Amino acid sequence: MRTRVLGRNGPVVSALGLGCMGMSEFYGAADEAESVAVIRRALDLGVTFLDTADMYGVGRNEELVGRAIAGRRDGVVLATKFGNVRGPNGERLGIDGRPEYVRAACEASLKRLGVDVIDLYYQHRVDPNTPIEDTVGAMADLVRAGKVRFLGLSEASPATIRRAAAVHPIAALQTEYSLWSRDPEDAILPTLRELGIGFVPYSPLGRGFLTGRFRKPEDLPGDDFRRASPRFSGENFALNLDLVGVVEEMAAAKGVKPSQLALAWVLAQGDDVVPIPGTKRIAYLEENVAAATVDLSADDLAELDRAFPRGAAAGERYAPGGMATIDG
């Protein structure tokens, strides 16, 4: 597994990371023992960059990741996030970026993860009621205290990124990005490159849609949050399935899986781009890791650009409530 650097002076990470969210919530049932095995297999394959958050499973995901990396901490670049507040029963209580909350959330994450320091600490969503300068100032205090190594933001606008970076260096920005979510190319990616900030795309497989595994909405588990996603619903599903057909056809011609083609496209967008596909199955993990060896020619990239222009996907990325949390 090749490595990439996040930011001008950020951490060295595997070119492909592992998103751990679905191991605890959102994507149907998961087996914790199998999820631990997936994380350990990822480390064996050279995937050193692990992504979690305090809201995933209301803390359970951090605990799971902590168990999985026990005894192997030195080989992991560990990223977690704060800011999406949930109650003990999973209820959503809003976004909190107040300095006192930043400090408390970090202490809780360190305890659940069973570590002394977090390598990359993200603000999960921007708090519209707290100046970003105050939030990042508190995050910078954690760096000075030795509890965090590098800082990141998630779903932040270019203006917010600039204000944050003026307070403390930002190593990475995490935002959804894939063949069917190319909005970051308009203003976010240019801003990151100007400021020397790495880019960490989540959902680089379009929440699994671009793998071709889903042919109808009913293929999703009944408790899967994607059932409420506009892109997985009604007429949008059928329209987006036509896009998947292009990926499947090109992948077959190259002798690779659709998932590998889609990930290879993201990896080809720059050495400052480190996607974090999520999975809770070893077989899919191994498929994803193999994508790092898929080379796309200039003609391949041009063909994909034509098939997936910006805005090609039908439907918003999230339901209205989710879209309301995106910093604009």
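These exercises walk through parts of a predicted model.

**Exercise 1. Glutamate 155**

Find where glutamate 155 is, and decide whether glutamate 155 is buried or exposed.

*Solution.* 
- Step 1: Go to the loop between strand S9 (148-154) and helix H5 (158-167); glutamate 155 is found there.
- Step 2: Check the accessibility. Glutamate 155 has a relative accessible area of 3%. Buried means under 20%, so glutamate 155 is buried.
- Step 3: Look for a side-chain partner. The side chain of glutamate 155 makes a polar contact of 2.5 Å with the side chain of tyrosine 202.
- Step 4: List the surroundings. Leaving aside neighbours within four places in sequence, glutamate 155 is in contact with residues including Arg125, Leu173, Tyr202, Arg317 and Asp327.
- Step 5: Read the backbone. Phi of glutamate 155 is near 55 degrees, a positive value in a residue other than glycine.

**Exercise 2. Serine 203**

Work out which loop holds serine 203, and what its phi is.

*Solution.* 
- Step 1: Serine 203 is found in the loop between strand S11 (198-202) and H7.
- Step 2: Its phi is positive, about 50 degrees, although serine 203 is not a glycine.
- Step 3: Serine 203 has 12% relative accessibility, so it counts as buried.

**Exercise 3. Helix H7**

Describe the length of helix H7, its buried residues and what covers them.

*Solution.* 
- Step 1: H7 runs over residues 234-254 and has 21 residues.
- Step 2: From first C-alpha to last, H7 reaches 31 Å, close to the 30 Å expected at 1.5 Å a residue.
- Step 3: Its buried residues include Phe237, Leu241, Val244, Val247 and Ala251.
- Step 4: Helix H8 (258-267) and helix H10 (298-307) are among what covers the buried residues of H7.
- Step 5: Alanine 252 is also in H7. At 59% relative accessibility, alanine 252 counts as exposed.
- Step 6: Glycine 255 follows H7, and its phi is positive, near 75 degrees.

**Exercise 4. Helices H2 and H3**

Find the angle at which the axes of H2 and H3 cross, and name the residues that meet.

*Solution.* 
- Step 1: The axes of H2 (residues 60-69) and H3 (residues 99-113) come within 7 Å. They cross at roughly 45 degrees.
- Step 2: That angle makes H2 oblique to H3.
- Step 3: Glu62, Glu63, Val65 and Gly66 in H2 meet Ser109, Arg112 and Leu113 in H3.

**Exercise 5. Glutamine 123**

Locate glutamine 123 and say what its side chain reaches.

*Solution.* 
- Step 1: Glutamine 123 lies in strand S8 (residues 118-123).
- Step 2: At 1% relative accessibility, glutamine 123 counts as buried.
- Step 3: Its side chain reaches the backbone oxygen of arginine 125 at 3.3 Å.
- Step 4: Beyond neighbours within four places in sequence, its contacts include Phe82, Ile132, Met139 and Leu153.

Definitions and conventions:
Residues numbered from 1 in each chain as written. Predicted model: local features only at pLDDT ≥ 70, side-chain atom pairs only at ≥ 80, totals over all residues. Heavy atoms only, no water. Helix = DSSP H or I, 4+ residues; strand = E, 2+ residues; numbered from the N terminus. Buried < 20%, exposed > 50% of the residue type's maximum accessible area, 1.4 Å probe, protein only. Polar contact = N/O pair within 3.5 Å; in protein donor to acceptor, adjacent residues only side chain to side chain. Contact = heavy atoms within 4.5 Å. Expected span 1.5 Å × (residues − 1). Axes fitted to C-alpha atoms, helices over the stretch in contact; angles between N-to-C directions. Parallel < 35°, antiparallel > 145°, perpendicular 65-115°, else oblique.
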